[in-house]
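Please brief me on the metal site in this model and on the strands around it. Keep it short and list the points by topic.

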Amino acid sequence: MRRVLNFLVAAVIALAVAWFVAGLPGRITAQIGNTTVEAATPVVALGLLLTLVVLYFLVRLLSGVVRLPWHLGRWRGARQRRLGDVAVTRALLALAAGEKSDARREAHRARRMLSDTPLTLLLAAEAGRLAGRQDEAETAFRQLAQRDDAAFLGYRGLLRQAIARDDWAEAAVLARQAEAAQPGADWLRQERVRLAIRAGNWAEATQLADGAVSRGALATAASETEPDKARAVKLARQAWKDNPALAPAALAYAEKLRADGRESRALAVVRHSWTLAPHPDLAAFVLAPFPDTLARVKAAQRLTEANPSHTESRLLLARTSLEAGLAGEARHQAEAARDAGVDQRRLWLLLADIEEHDHGDTEAGRAAQREALRRAAMAEPDPQWRCTVCHVPSTAWHAACPNCGSPGGLQWSAVAPGSYPLPAVLTYGPERGTEVL
Ligand SMILES: [Zn+2]
């Protein structure tokens with residue numbers, strides 16, 4: 001409707017102008033040399049108008065011809081960007097799908113179309129890494145590292161390559177450079193913790209670790225390797241404060257306190273940890289100064305008074321009682337644990353010992369022992385250190401899991417057969433360091 005109105009207004013104006021021009025009176029005479037040209041005024045006005053229109057289109061045409069190369073360049077650039085974007089998308093898809101040659105080809109095409117941008121360099125590097133062309137990847141990562149706008153990406157890639165080839169000295173240098181490029185990056189902090197663990201630099205790993213569990217474990221290891229005595233005590237105390245349920249942390253602190261003659265404080269530390277998470281090593285620490293078996297029973301009772309019905313408490317009381325010849329109490333504690341549903345190998349072995357003590361080498365004694373040993377053979381395994389991340393067991397405690405390297409990953413636990421989580425080494429998934437981008 002609006003268009004129709006505009007057209008009508010324009011038509012009326014044009015008609016009015018034409019009417020006005022056609023009605024102009026007189027004639028116009030022009031003399032050029034000996035030639036005289038004469039025409040009616042409306043004809044001259046129309047001629048002038050047509051001349052202006054022709055001049056306008058002529059100027060436009062000339063301007064178009066002059067600017068043609070610029071327009072062509074612009075068109076070519078837009079086309080390259082469009083094709084480059086397509087190559088970037090294809091390279092990303094190929095990387096995600098693990099198609100090595102496609103990823104490399106599309107990454108090169110993207111680089112050719114869009115030149116060296118952080119995105120195309122990163123794609124080229126990752127495609128090279130995926131294809132096993134480490135030199136190609138390294139060159140692209142180094143180019144990235146030289147750029148102010150993407151240095152961290154370059155250092156990150158170089159750091160991952162150094163870790164993959166176990167070049168820990170180079171990795172430490174690159175980690176520092178990456179930290180300078182992007183201070184406080186969470187991923188980098190975790191990698192620096194791993195590097196410090198690899199280098200046995202537990203104090204640095206403790207400072208970098210986040211989370212009380214991993215910090216407690218790392219501080220425990222740091223306290224064991226710290227040559228300065230006062231500093232070692234401080235680290236052990238920090239470890240125990242961070243994770244009082246971690247038996248090695250409690251023992252590290254308690255042993256240092258005992259060595260300093262602060263026995264009551266050492267026992268208080270161990271007793272507190274026992275109430276949170278009993279562990280046989282804590283009991284061994286408390287009983288160590290007592291060679292007398294009855295004194296050991298008393299020490300065990302004192303240790304377990306806060307949680308006497310815990311499996312570890314009952315087993316400790318049963319074992320120390322049996323050693324002191326208190327077979328009745330030993331049997332009471334062991335059978336209470338059994339009745340509570342405990343079905344561990346060590347419980348049945350203890351019951352076999354109690355049967356031997358009670359009945360000696362009699363027919364009834366031998367039968368009871370056989371039954372206990374038969375149950376021991378079928379029982380659940382005893383508690384052990386097991387990684388909470390990769391679920392692989394370890395015969396001894398370590399500040400970082402020997403299998404997957406997780407700081408503070410090992411936890412003392414009893415796991416029933418059939419409920420074992422599948423170790424991460426047996427599960428399908430991306431191998432460490434092979435993830436792209
Ligand atoms: Zn692990």
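The points below cover the metal site, then the strands.

This is a predicted model, where local features need pLDDT of at least 70, side-chain atom pairs count only at pLDDT 80 or more, and totals for chains, interfaces and linings use all residues. Residues are numbered from 1 along each chain as its sequence is written, and side-chain values use heavy atoms, without hydrogens or water.

**Zinc site**
- Cys387, Cys390, Cys401 and Cys404 each give an SG donor to the zinc ion, at 2.2 to 2.3 Å.
- Donors are N, O and S atoms within 2.8 Å of the metal (3.2 Å for Na, K and Ca); water is not among the atoms, so sites may look incomplete.
- The 4 donor atoms subtend angles of 105 to 118° around the zinc ion, so the arrangement is tetrahedral (four donors, all angles between 85 and 135 degrees).
- The donor spacing in sequence is C-x2-C-x10-C-x2-C.
- Cys390 lies in the loop between strand 3 (384-387) and strand 4 (393-394), and Cys401 in the loop between strand 4 and strand 5 (410-413). Strands are DSSP runs of E, at least two residues, numbered from the N terminus.
- Cys390 is buried at 2% relative accessibility (buried means under 20% relative accessible area, 1.4 Å probe, protein chains only).
- Cys401 is also buried, at 4%.

**Strand pairing**
- Strand 3 and strand 5 run antiparallel, joined by 4 bridges (pairing needs at least two DSSP bridges).
- Gln384 stands opposite Ser413 of strand 5.
- Strand 3 also pairs antiparallel with strand 4, over 2 bridges.
- Trp385 has Ser394 in strand 4 as its bridge partner.
- Strands 3 and 4 form a hairpin with 5 residues between them. His391, in the turn, has a positive phi of about 70°.

Conventions:
Four donors count as tetrahedral if all angles lie between 85 and 135 degrees; four count as square planar and six as octahedral if opposite donors are over 155 degrees apart and all others between 65 and 115; anything else is irregular. Buried means under 20% relative accessible area, exposed over 50%, partly exposed in between (1.4 Å probe, protein chains only).
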